[in-house]
There are 4 protein chains.
Amino acid sequence: MTTMATTWILSAQCESRLGSVDVLTRFLKEQHCYITEVSSFDDYRAGQFFIRAAFRPEATGDFDPSAFEADFQERASAFNMTFELTPASKRVKTIIMVSKADHCLNDLLYRHRTGQLPLDIQAIVSNHPDLEPLAQWHGLPYYHFPVTAGTKSSQEAKIRQVIEETEAELVVLARYMQVLSPAMCNLLTGRAINIHHSLLPGFRGARPYHQAYEKGVKMVGATAHYINDDLDEGPIIAQGIEPVDHAHYPEDLVIKGRDIECLTLARAIQLHIERRVFMHSGRTVILKH
Amino acid sequence: MTTMATTWILSAQCESRLGSVDVLTRFLKEQHCYITEVSSFDDYRAGQFFIRAAFRPEATGDFDPSAFEADFQERASAFNMTFELTPASKRVKTIIMVSKADHCLNDLLYRHRTGQLPLDIQAIVSNHPDLEPLAQWHGLPYYHFPVTAGTKSSQEAKIRQVIEETEAELVVLARYMQVLSPAMCNLLTGRAINIHHSLLPGFRGARPYHQAYEKGVKMVGATAHYINDDLDEGPIIAQGIEPVDHAHYPEDLVIKGRDIECLTLARAIQLHIERRVFMHSGRTVILKH
Amino acid sequence: MTTMATTWILSAQCESRLGSVDVLTRFLKEQHCYITEVSSFDDYRAGQFFIRAAFRPEATGDFDPSAFEADFQERASAFNMTFELTPASKRVKTIIMVSKADHCLNDLLYRHRTGQLPLDIQAIVSNHPDLEPLAQWHGLPYYHFPVTAGTKSSQEAKIRQVIEETEAELVVLARYMQVLSPAMCNLLTGRAINIHHSLLPGFRGARPYHQAYEKGVKMVGATAHYINDDLDEGPIIAQGIEPVDHAHYPEDLVIKGRDIECLTLARAIQLHIERRVFMHSGRTVILKH
Amino acid sequence: MTTMATTWILSAQCESRLGSVDVLTRFLKEQHCYITEVSSFDDYRAGQFFIRAAFRPEATGDFDPSAFEADFQERASAFNMTFELTPASKRVKTIIMVSKADHCLNDLLYRHRTGQLPLDIQAIVSNHPDLEPLAQWHGLPYYHFPVTAGTKSSQEAKIRQVIEETEAELVVLARYMQVLSPAMCNLLTGRAINIHHSLLPGFRGARPYHQAYEKGVKMVGATAHYINDDLDEGPIIAQGIEPVDHAHYPEDLVIKGRDIECLTLARAIQLHIERRVFMHSGRTVILKH
């Protein structure tokens, strides 16, 4: 897992076809790049191929990512392969959206501050003022955009503006309790991660812990997923669970669930920024080492 | 957890009321019974009280359970308390119902044969002939009652007959792939345990692993529950999970899920026969040590 | 698990003897106390009995804990029973000791600030100055007592003074990297909890993650235990694990282990302050609901 | 995970060197083999490279593994790369060794009978006669070689003979309670898997569950590892755990541990026969999808 500053990630996707690995690995060899980790997956039902390689340039002289991309584009085109080149050490420009619950935000800011999650947090956006002191202690800008039925659209415009001005590549909904508009969801496809406090598809929608209590389940969970325009239905990245019992009233489940929400969201973000997550047919492919 | 042959279980339930513990523990003291384990739960939302005590008679002379029950009945009546007295070592008369999948049956028969689950298996009942050799090796009667649209009702009558003739106290649906009639469900209320191969309430109904694959979940699970007349909706006793990923096709999930189905079903049966499971408002209370 | 302000905990321990439950439950009944939760354990090998009851006084008039204790002492004496009465909502006066690693401290302060752990943190004590800003943000006193070979004894005296002046009932060693003297360990018997970053008894002593890497284990863990005068050998309260693989170098294990250290330590503290933990023969008995 | 009959596995290992992936993936491309799954690991501390590819020959005409191996040998030699080519569907010739405990054997025979583990079990070897009926029901030869201080060496010779005559590629010690001689261990290096009933390195040697009880741990585990000439110290393949508490006496831990022993051993065998396990410096590298 340890990756040095000089490591790069090349991830790619195309239809299943003979040579789909070779086109990438041969190029890396020719470019004098040592592959420290490669993994691929072939979805035989969908006829789709996914690959991710971490590599270290070994040629003398500087590594020129633009030239690398241009040269590889030629090869990739023959496979209709889409690809992405990223420095492994890149800190991802991120907006975190919250409401009143602070556990996920607190956890993410801790991981951010200690370098455990290589995020470059640009701003905290909230429909409530409550978490501003936490943001301040971490020295981060906090935007309070209260949402009412009448202002939803204009407030979303402000959020969009923050995203655009900061050039945020990732939006994390860390218990943001407002439903985003379809337009907003579409804008953020593949770059907005939400944490839902149930093991989806169980207990979609509001107050999942109360639903879980009523049902009498023996496990509660959390689901981190990309958002799409169908509420709580985007591609799942990570899920976590905690055993519970009859003695956990809804208010206990809320508390009990916090840890697993934090861990599940952090794990999903980690996978995302390590460029391990691919999407296809409403599902994710996650290439781990 | 170790209980000797001379240990008894007294479990009881009533409305929450001052003295609900004392009525039982004082009686046990007066009867010279040493309590090796007691646990209780008070459901403050439902106003219901649950208690379970394991005890060892220490008086000289034999322990007379009938006299014990009669004497305790007087005290319990003042609390409208229902109770049950059972020897801890009692092997529970059980019918196991199966279809074609044999993993749960194989697992239960192993635990039965080695004494790990104190079941007194009376018969295996199936709508298919496939698993008869397995039953035979274990020296157990096997009833093959094929079910068609036209024979469903008459076949259920035969099952009922087996249950009655064997005086079975417990019916285990170990991947029995037929929906029981409401009448049958009512007959078996509180004494029939089903294993469903999903983490309910997610993926109710048919082919849950295929549903799980389509949804792209990162965990599959199993749920052991008492049956009631609402398919896959009875009170949950135990749930188990296994992490999965994109590389698990539906057929892989089916295989992957087997272990967790076996473990979850066995755990639920264990809790049931140790008289740890109480029911209320469609949920279970499970008093563990 | 939900306990209201008016709930009390009575926990007790004695040799196994007929009536050991009744002596406590009958008294609670006589005092018009409604038991919301009781659980007991009888260790048949050690001949020891443990019980914990949560109860709610229902008599008119105020509950007088001193009178309760005095009255119960008479009954308990006949059983050589030791006992403790505590309000369930009591915030426990606590000192947290740290060195440079901040993950456990950060986690505990979050749980403290949000009321999840009912601690009344009196001070943070450290042999390093690094974590003072974190303490300050939470408005907590921070004592920096640097330790060298020559000052160890005098610094421990200062720590003892802080404990005495604050009347701390609990000392949490949240990755405090100094070995305490036997005298200090004895002073803190039963009221100091340490988190060790391995699954004891595996990898005692220094750099357990490096030891784990060398051994090639597939799981790393953490152990929260009471300290005693034998390093990393006190009674275990809680353990947690995380699966790892060959790709986790020692420095990755250090990072990976942080979450499980935080969770395991927090769980142990929770069990301790809920008065669920008993000690006997170098082991713990933990009475859960 | 689903692999069709025509899928092959090519696994290889060499010192870290530019082109170590390319040498293999380019060859597969040239041989018209479609890679359905590839994963590699570079151990930067040891300077070692590991790779595993699953592939499907797509050329017209039969796939000739001997020609493939001969041709690839030339390329591999330039990297001092050792490699192995195996049909994914190959059933591995296996000997299972047992003593009296039958849970792991029962579990393996079930997975064998249902095709879940592609083993070709040649014989069951035991130092006790107890498990012969189980072997017989599965139609498998059973060799009873009782071991005494005086006969140990001659009995091992008989075991060696069985291994040689059956051409067994894998020996599974499914709770075989005899220590093998160093000579035997050396003979079986890399092809004998043992299950030890503790989370190594904790509780090596005899009666680990009793050791665990004395220590008061809150988790028990099992470790599947390759054997070497240092008892319970070979490279670890898989580990599993189960939470336990004070109420588990040693005899309960023995029972509780059975499930996790079965699952851990089965998982290790699965990883081994899928050619995912590599060894280096006393540790394993396990290339999962």
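The following legends describe close-up views of a predicted model.

**View 1. The open sheet of chain C.**
Seven strands make up this open sheet of chain C, and their pairing is mixed. Across the sheet the order reads β7-β6-β5-β8-β9-β10-β11. Strands β7 (142–144) and β11 (236–243) of chain C form the edges, each pairing on one side only. From one strand to the next, the twist averages 20°.

**View 2. Pairing of β10 and β11 in chain C.**
Strand β10 (residues 219–226) of chain C runs antiparallel to β11(C), and 7 bridges join the two. Within this pairing, Met219(C) has Pro243(C) of β11(C) as its bridge partner.

**View 3. Helices packed on the sheet of chain C.**
Helix α3 (residues 103–113) of chain C packs on the sheet and touches β5 (92–98), β6 (119–126), β8 (170–173) and β9 (192–196) of chain C. The direction of α3 makes about 155° with that of β6(C). Helix α5 (residues 152–166) of chain C also packs on the sheet, where its contacts are with β5, β6, β7 and β8 of chain C. For α5, the angle with the direction of β5(C) is about 160°.

**View 4. The interface of chain A and chain B.**
Chain A and chain B each bring 34 residues to the contact. About 3,200 Å² is buried between chain A and chain B, with 56% of this area coming from carbon and sulfur atoms. Lys215(A), His246(A) and Arg283(A) supply 22% of the area that chain A buries against chain B, more than any other three residues. Between chain A and chain B there are 4 salt bridges; one of the residues involved is Lys215(A), which pairs with Glu233(B) at 2.3 Å between the closest N and O atoms. Polar contacts link 18 residue pairs across the interface of chain A and chain B, both residues being at pLDDT 80 or more. On the side of chain A that touches chain B, β11(A) gives the most, with 6 residues. That side of chain A comprises 19 nonpolar, 5 polar and 10 charged residues.

**View 5. The interface of chain B and chain D.**
The contact draws 24 residues from chain B and 24 residues from chain D. Chain B and chain D bury about 2,200 Å² between them, and carbon and sulfur atoms account for 50% of it. There are 4 salt bridges between chain B and chain D, including the one in which the side chains of Asp259(B) and Arg111(D) meet at 3.0 Å, N to O. Helices α3 (103–113), α4 (132–137) and α8 (250–273) of chain B are the elements that give two or more residues to the side touching chain D. Of the elements on that side, α8(B) gives the most, with 6 residues.

Technical notes:
Residues numbered from 1 in each chain as written. Chains lettered and ligands numbered in written order. Predicted model: local features only at pLDDT ≥ 70, side-chain atom pairs only at ≥ 80, totals over all residues. Heavy atoms only, no water. Pairing = 2+ DSSP bridges. Helix = DSSP H or I, 4+ residues; strand = E, 2+ residues; numbered from the N terminus. Axes fitted to C-alpha atoms, helices over the stretch in contact; angles between N-to-C directions. Contact = heavy atoms within 4.5 Å. Buried area = accessible area lost by both parts, 1.4 Å probe. Polar contact = N/O pair within 3.5 Å; in protein donor to acceptor, adjacent residues only side chain to side chain. Nonpolar A, V, L, I, M, F, W, Y, C, P; charged D, E, K, R; others polar.
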